[in-house]
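Subject: A structure to look at

Dear colleague,

I am passing on a structure that I would like you to open and read alongside this message.

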Amino acid sequence: SAGAMVAAMDVIAFSITASVFVIEVIGAVITGSLALLVDAAHMLTDVIGLAMAVTAAHLMNRPPSDRYTFGLRRAEVLAALAQAALLLGVGIFALVEGVRRLFEPPEIASGSLLFFGIVGLVANIASLLVLMSGRTRNLNMRAAFLEVVNDALGSVAVIVAALVITFTGFQFADAIAALLIGVLILPRAILLLRDATSVLLESTPKGLDLDSVR
């Protein structure tokens, strides 16, 4: 079924993302990089979000009951709402900590940072390939796909920061990369929050002329 296929894609993407999250946390500790730490935190929201997406995909297939007369199809909207809230928190943390580190930049192990950035980017590309075909199926799959897209951009920012520090010694590059990742996260979190809330509030769907329907 379509729900089973969505769940399978989410499980594969979840496994890849969870593995890279652990690797990036280790990398953040070794290198002292805020950009890598923020990217790892973003990965954590992906891990939680994909876990919720897998759960929601199963719940959506349950038939209606006396208690849930329309079934549990709204579970995917609730999962997307939770993902948006998590992303919002990570984005705010990235901006606050990034600004603080602009005034107190630590020494960054740029060689190790480059390695972990490349690992993260390769894993994100693999997850994107898995999720690409299902990204238009529902709000939750769209959320999961966009999460991984932003993760990939975050990994690119980590790689660029590592290269800048290696060749110029400009330690501020790490904090700037973290700020860029935060800037990438926040607009998407707000848009996803708005879309999920709109569905839960039974707002008129985009592109639908209510007067014509009446």
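Predicted model: local features only at pLDDT ≥ 70, side-chain atom pairs only at ≥ 80, totals over all residues.

I began with helix H3 (residues 75–103) and helix H6 (residues 172–200), whose axes come within 7 Å and cross at roughly 155 degrees. Because angles over 145 degrees count as roughly antiparallel, H3 and H6 are roughly antiparallel to each other, and their crossing is left-handed. The residues of the contact of H3 with H6 divide into 29 nonpolar, four polar and three charged.

I then turned to the salt bridges, of which the count comes to six. Arg101, which is buried at 14% relative accessibility, forms a salt bridge with Asp174, with the closest N and O atoms 3.7 Å apart. Since Arg101 lies in helix H3 and Asp174 in helix H6, this pair ties together parts that are 73 residues apart in sequence. Asp174 is itself buried, at a relative accessible area of 2%.

Arg101 also forms a salt bridge with Glu97, again with the closest N and O atoms 3.7 Å apart, and both residues lie in helix H3, four residues apart, which is about one turn of the helix. Glu97 is buried too, with a relative accessible area of 17%.

In a further salt bridge, the side chains of Arg100 and Glu104 meet at 3.2 Å, N to O; here Arg100 is partly exposed at 40%, whereas Glu104 is exposed at 51%.

Key: Residues numbered from 1 in each chain as written. Heavy atoms only, no water. Axes fitted to C-alpha atoms, helices over the stretch in contact; angles between N-to-C directions. Helix = DSSP H or I, 4+ residues; strand = E, 2+ residues; numbered from the N terminus. Parallel < 35°, antiparallel > 145°, perpendicular 65-115°, else oblique. Left-handed = near helix turned anticlockwise from the far one by under 90°. Nonpolar A, V, L, I, M, F, W, Y, C, P; charged D, E, K, R; others polar. Salt bridge = Lys/Arg side-chain N within 4 Å of Asp/Glu carboxyl O. Buried < 20%, exposed > 50% of the residue type's maximum accessible area, 1.4 Å probe, protein only.
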